[in-house]
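The following exercises concern one protein structure.

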Amino acid sequence: MKRIIAKWAARITATGLLLLGILAGIALNPNWLYANKTAAGMFTVYHHSPLEKDLITRLDDAAQLLKSSELFNENTRLNLCLNDGSIYPKLMETLRGQAFGWGFSDIIVLMGDADSKANYVALNGHQWNLTQLIAHEAVHCLQFEKYGFLHSNPVAGHPNWKWEGYPEYIARKDADQLYLKANIERKMDETDGWAFHFKDGTVAPRDYYEAWLLMQYCLDIKQMSFDDLLKDTTSQQALTQQMMDYWYSKQESPPTKLIF
C-alpha cells in the first residue's frame, strides 16, 4: 500500500512540475500566443490587432524616461504585450492577479484597456497614464536585469515602497509631478480615496504615491542612489518623519493639517 501511495504521489508531483514548467514557458514566451510582433526602438510589441501609430510615440517617450534611471542599459531590449485579443494578458491575470500592468524579466504586459491616442490605460473606472505605466513596468525589468532573480522582488523581499517607489520616481515626470513640495501638498489636499489625481485625469494608487514621495525625498533631497537606498536600513517611518521635517522647514507658516 505504501508503494502505491508513493507511486501516485510521485506521479502527481511530476504532473504538477510539468504543468508549472508549461506555464512558465508560456509566461516567458508571449510570442506563442500573439499573431503579430512589431519592433519599435528598444521594444518588441506583441499584438493581435493592427498597431496604433500613437503607441510608437508613447514607447519613444517611455524610453526617454528610462534613460534617467541609474539602472538603464542602452543594450536592453524589452517585450511589450498588448491586451488586444490574445489570451496572454488573461493568463497573466490568472497567475498574478488583476493590475493595470505587470513587468517581469524582460516582459511588460498591459492588462487594462489602452488608448494610445488619449495616453491612458483604463481599469475598474480609473486611468493610468500609458507612457508612465510602460516606463514603470519597464523599470521593474531593469531591476530584474540589474539584480537578478534572487535579489529582486518578490524573492529578495525588499521593502515594497522601495521596489515600487523607484519605478514611480522614474516614470512620473509630467510638469505637475516634478517637485516634492507640490506632491506633498497634493496629498494633503486629497485625504480620502484609493488614488491621487493628476492634471491629465490619470491616477496613482495611494500606496504607490506615498512610496514615490519618499523616493523623491531620498534621491532628490538626500542625493541617495537607488542602490544605496536598497542597502539602507532606515525605517520607512523614520524616513517619512525626516521628509516631513524637511517640508515643514520650507514653509513660511505652520501647516494646518498633517499627512501620513
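**Exercise 1.** How much space lies in the largest pocket? Describe also the residues that line the largest pocket.

*Solution.* The model is a predicted one.

Step 1. The volume comes first: the largest pocket holds about 780 Å³ of space.

Step 2. Its lining consists of 30 residues. Those that lie nearest the centre of the pocket are R96, W102, G103, F104 and P154.

Step 3. Next, the lining is assigned to secondary structure elements. At least two lining residues come from each of α3 (88-96), β4 (101-104), α4 (130-147) and α5 (160-171). The element that gives the most is α4, with 5 residues.

Step 4. Sorted by class, the lining of the largest pocket comprises 18 nonpolar, 9 polar and 3 charged residues.

**Exercise 2.** Which residues are closest to the centre of the second largest pocket?

*Solution.* 

Step 1. The second largest pocket contains about 190 Å³ of space.

Step 2. This second largest pocket is lined by 13 residues, and E52, L82, D84, A114 and S116 are the closest to its centre.

Step 3. Its lining divides into 6 nonpolar, 4 polar and 3 charged residues.

**Exercise 3.** Why is helix α7 described as largely enclosed by the rest of the structure?

*Solution.* 

Step 1. Helix α7 covers residues 206-221, which makes 16 residues. From its first C-alpha to its last, α7 reaches 22 Å, close to the 22 Å expected at 1.5 Å a residue.

Step 2. A residue counts as buried when its relative accessible area is under 20%. In α7 the buried residues are R206, Y208, Y209, A211, W212, L213, L214, M215, Q216, Y217, C218 and L219.

Step 3. Because 12 of the 16 residues of α7 are buried, the helix is largely enclosed by the rest of the structure.

Step 4. Just after α7, the chain reaches Q223, which takes a positive phi of about 60°.

**Exercise 4.** In what order do the strands of the open sheet of 3 strands stand?

*Solution.* 

Step 1. Strands of a sheet pair through backbone hydrogen bonds, in a parallel or an antiparallel manner.

Step 2. Here the order is β6-β7-β8, and the pairing is antiparallel.

Step 3. From one strand to the next, the twist averages 30°.

Step 4. Between β6 and β7 (residues 120-123) there are 3 bridges in the antiparallel sense. A114 stands opposite V121 in β7.

Terms used. Residues numbered from 1 in each chain as written. Predicted model: local features only at pLDDT ≥ 70, side-chain atom pairs only at ≥ 80, totals over all residues. Heavy atoms only, no water. 1 Å grid on protein atoms, 1.4 Å probe; cavity = no way out; pocket = protein on both sides within 12 Å on 5 of 7 lines; lining within 4 Å. Points joined across faces, edges and corners; volume = space filled by probe spheres on them. Helix = DSSP H or I, 4+ residues; strand = E, 2+ residues; numbered from the N terminus. Nonpolar A, V, L, I, M, F, W, Y, C, P; charged D, E, K, R; others polar. Expected span 1.5 Å × (residues − 1). Buried < 20%, exposed > 50% of the residue type's maximum accessible area, 1.4 Å probe, protein only. Pairing = 2+ DSSP bridges. Axes fitted to C-alpha atoms, helices over the stretch in contact; angles between N-to-C directions.
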